[in-house]
Amino acid sequence: MSGLNQILNTATSTLLGQQKAISVASKNLANVNTAGYQRRSAQFSPNGATGGIAVSELRNTADRYIGGKLLLQESRFGAADASRTILASVDQMFGLGDDSIGSRLDGLFNSIRGLETDPANLDLRREVISTAETFVAKVSATALSLEAEQRRADQSIDGVVNEVNDLTGQIAQLNRQITELGNTSEGAGDLMDRREQLVNDLAGKIQINRLEAPDGSLTILFDGGHPLVDKGYAASLSATPDAAYANMRRIDMTGPSGSVREITGQIDGGQLGGILNARDRDLPAVLDRLDRLAYEFANEFNAVHSAGHGTDGVTGRNFFVPPPTMSGAARNMAIESGVAQDPGQIAAATTAATAVGGNDNLANLLGTEDANLAAGGVRTFREEIADITSLVGRTVRANQEAHAGAQAELDTLNAMRESEVGVSIDEEMLDIVRFQRAYQAGAKLVQTANSMFDAVINM
Amino acid sequence: MRVTERQLHTLSLRAVTNSRVSLTDAQNTAMTGVRVETPSDDPAAAARAQVLRSLQAEQVGYQRTISTGRLRLESAEQSLAEAGSLLTRAKELAIGMANETLSAGQRQLGANEIGALRANMIELANTRQGDEYVFAHVNTRQAPVDPSGALTYDPNVYDQVREAEIGANARGQIGSSGSHAFAQRTADPSSVDVFAVLQDLENAMNANDPDAIRAEIENIEQAHAQLVSERARVGTRMSRLDSARDAATGADQLYKKLESELIDADAAEAFSELNLAQTSFQAAISVAGRVFGQTLLDQL
């Protein structure tokens, strides 16, 4: 049998319940721009004891499948974004202006053509040396710039490794707090939101997978199996210069037992993966081709040059300093000091008798321009330079496409996730109106109960 | 499907950012007129453009060689023409001086003129173009004929002229041979030493010997024929250079055109792209403005 008091109790419960619901909606509104925040909904249930309602705050959860794909795309986007700035500068190095390696090589051959018309002319000989120096300087500067990009990329690893360690540390700490609070408690929701955001940030740094335990703690796995975060424990990464990487950084992971595992070769996602891909794959690919070009060109040019005679009748001189190895040939490319100081040593003639005025060997030198002597004898040097340009273009293009692709995929996944757990102002406003009306109704109930009490008292 | 504020924000942000990037690209293309500036703009076109540019540079090199060669050949041609006139005068003198009625004194005067013609001939054989002796063979810094009229090199060994690259796999002769023009060579039994012939004629006049003078007329004719045929060869070389220049100019233009097709932007296309990009950008910002303007907040 319900009494008047019961009606008042129900009214109180209604007022408190709707107030709580408005508070949930206002929390949603407040967090409309908070990254990682998942919308809370007010869950109403009848309260048998009071006859009123019980309202609890429920944190909407996102689809796990979307969550997993998001991490993957965050890693891909992070990698493409990190390589992008590095590769953009390589793209500029191989621009099509008059200062390209190809134009510089054309300049060298054209100066040899000029000398061919008047081989005894000292000014024309000097011009050959000068154009050769320009070509050599361009090749060498390009190689040095590529190496500098490699080093810059390498130096940026420290910062990213620190960020990863910071993130894994924070996630482990949040894991502990969530487990302590109990994952269903209201306070845990805020910690989970924060952790969600940190996990996404971490995926942008290095490729990861996630496993969620029933107690709410999260295990973050690197490369399928090695835990970066396991409940309250975080593994730490370290970067150490290593001779095996040409004194650039090797990345190790220290596990819970203190065991150290090298993971440099396994990292291919996130900012760290992007940096390592550029440092160990994209930049060396271009540098190797440039080294090979310099090595083959110097040797082939020298072979013809040393067969000829300078104006002093001496034969057997090299034009370029012979590169000892292919590696470093571009960086160290140089003209022999003898010929650089005395252009008379340019071997223009094929015989000692025609040493002054002979130009047959210049014709042989010009022959190296159109002969298939590059890339192991399959194409001309001109074609090889074009091929290197195309390699750079393709690499940069692939990166741009990966970047745009990951960005679009990330936007789509984020939109799907937002659709599930994001905050819509319109929706919250309507909810507030709805809860407000119910609150007003509750207040009316109190008034009604009050007048009923008055009636009873004044009877 | 729920639509949240962040979705709207991302959508508008992406639309505005992307159309801004397209607009900047279109503006850049329209302003520079270049579609491919760096390899990534179009890797295949960049590689082909690089090869074409190099081939173009090669054609410019050929053109330069051809111009230099042509100057030298023109200079040789002029000298050979003058040398021919000298020999014509020498032949007139020889015919005149062979007349039995002339006195020793008159022949002496003729001998003096032949001496002057010979000195003139030596000067012509030592014609220079820039720093180079036109009729020298290999060492163009050394005069081909000494003041006594003797060749400074062995004409039987050095009877080739300088060659240079004037086209792809094409070499052209860019000089004239003093050996063929002025010297007696064993390879050509009918050839005569032009300076020796003039010397012999001068000697015969000095010796007042009409028979000897008459005997030299045939040699002078041979010397003249020698100069004429070298001049003809020079003419042939010049026309070869001319056709090589046409080929190089044509190839240069062709490569330029092909390169331009690969890397330059078509003006009409560039400007229509620019218009399109401007329109999309304006649409993006106006839509973004409307999206955020429509909310329940204003209605409640």
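This tour visits the interface of chain B and chain A, then one residue in chain A. The model is predicted.

**Stop 1: the whole interface.** Select chain B and chain A together. The contact draws on 62 residues from chain A and 48 residues from chain B. Between them the two chains bury about 4400 Å². Carbon and sulfur atoms account for 51% of that area. Now pick out B:R2, B:R6 and B:Q50. In chain B, these lose the most area to chain A, together 16% of what that side buries.

Stop 2: Show side chains across the interface. There are 8 salt bridges between chain B and chain A. For one of them, select A:R382 and B:E58, whose side chains meet at 3.1 Å, N to O.

**Stop 3: the chain B side, by element.** Select α1 (5-32), α2 (43-97) and β3 (163-167) of chain B. These are the elements that give two or more residues to the side touching chain A. The largest share, 15 residues, comes from α2(B). Colour that side of chain B by class: 19 residues are nonpolar, 16 charged and 13 polar.

**Stop 4: A:T264.** Move to chain A and select A:T264. It lies in the loop between β9 (260-262) and α6 (270-307) of chain A. Is A:T264 buried or exposed? A:T264 is buried, because its relative accessible area is 4%, under the 20% cut-off. Now show what surrounds A:T264. Beyond its neighbours within four places in sequence, A:T264 contacts A:Y245, A:R249, A:R250 and A:I251, along with A:L276, A:R279 and A:D280.

Notes:
Residues numbered from 1 in each chain as written. Chains lettered and ligands numbered in written order. Predicted model: local features only at pLDDT ≥ 70, side-chain atom pairs only at ≥ 80, totals over all residues. Heavy atoms only, no water. Contact = heavy atoms within 4.5 Å. Buried area = accessible area lost by both parts, 1.4 Å probe. Salt bridge = Lys/Arg side-chain N within 4 Å of Asp/Glu carboxyl O. Helix = DSSP H or I, 4+ residues; strand = E, 2+ residues; numbered from the N terminus. Nonpolar A, V, L, I, M, F, W, Y, C, P; charged D, E, K, R; others polar. Buried < 20%, exposed > 50% of the residue type's maximum accessible area, 1.4 Å probe, protein only.
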